[in-house]
Amino acid sequence: MDELVSVETVHERGSWLFTAEDAYGALEEVVLVPCGDGVEAWVNRCTHEAQRFDTGRGVPMRNGQLVCPKHGSLFDACDGHCDNGEAAGTTLPAVDISTNRGTVVLTDDDYAFRHAGGIDDDEGPDSTSHLSL
Ligand code: FES
């Protein structure tokens, strides 16, 4: 279980991006977004096309919803569902997290925390091999 960031920081910044590794060794970007007083985690990719929500400047948010930068579909930050635009009728893939004394903890068996920020922010020696996947 990896401690990620404080709930307070996610609320202050509006969102928080990190990179996780899935069970197959592929890297996946995940965003934390405020939901009520808590936080939810979603894969950083629109369900319509492979468009990132957070492209390096935080997730565009409007009224508790994630805004897809490409076609403008809105996804509920709490349940990940979209009922409008190009992505209507879809739900974002969830990533399991919990909070422990104000800190967000990654609890998803399918993902291991790698680093804060996007995949491109990885400064590890083998980052380019992941990017080509
Ligand atoms: S890529 Fe997100 S709505 Fe089209």
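Glu-49 and Lys-70 form a salt bridge, with 2.8 Å between their closest N and O atoms; a salt bridge here is a side-chain nitrogen of Lys or Arg within 4 Å of a carboxyl oxygen of Asp or Glu. Glu-49 belongs to the loop between E4 and E5 and Lys-70 to the loop between strand E6 (65-67) and strand E7 (74-76), so this pair ties together parts that are 21 residues apart in sequence. The structure is a predicted model, in which local features need pLDDT of at least 70 and side-chain atom pairs count only at pLDDT 80 or more, while totals for chains, interfaces and linings use all residues. Residues are numbered from 1 along each chain as its sequence is written, and side-chain values use heavy atoms, with hydrogens and water left out.

**Salt bridges**

- By the rule given above, the count of salt bridges is four.
- One of them joins the side chains of Glu-21 and Arg-114, at 2.6 Å from N to O.
- Because Glu-21 lies in strand E2 (residues 16-22) and Arg-114 in strand E12 (residues 111-116), this pair ties together parts that are 93 residues apart in sequence. Strands (E, at least two residues) are DSSP runs, numbered from the N terminus.
- Another salt bridge links Glu-28 with Arg-45, whose closest N and O atoms are 2.6 Å apart.
- Glu-28 is in strand E3 (residues 27-35) and Arg-45 is in the loop between strand E4 (38-43) and strand E5 (61-62), so the pair links distant parts of the chain, 17 residues apart.

**Exposure of the paired residues**

- Glu-28 counts as buried, at 14% relative accessibility; buried means under 20% relative accessible area, exposed means over 50%, and partly exposed lies in between (1.4 Å probe, protein chains only).
- Arg-114 counts as partly exposed, with 42% relative accessibility.

**The three-stranded sheet**

- Strands of a sheet pair through backbone hydrogen bonds, either parallel or antiparallel.
- In this model, three strands form an open sheet in the order E1-E11-E10, with antiparallel pairing; two strands pair if DSSP finds at least two bridges between them.
- Strand E1 (2-6) and strand E10 (97-100) are the edge strands, each pairing on one side only.
- Four bridges join E1 to strand E11 (residues 103-106), and these two strands run antiparallel.
- Within E11, Thr-103 is the bridge partner of Ser-6.
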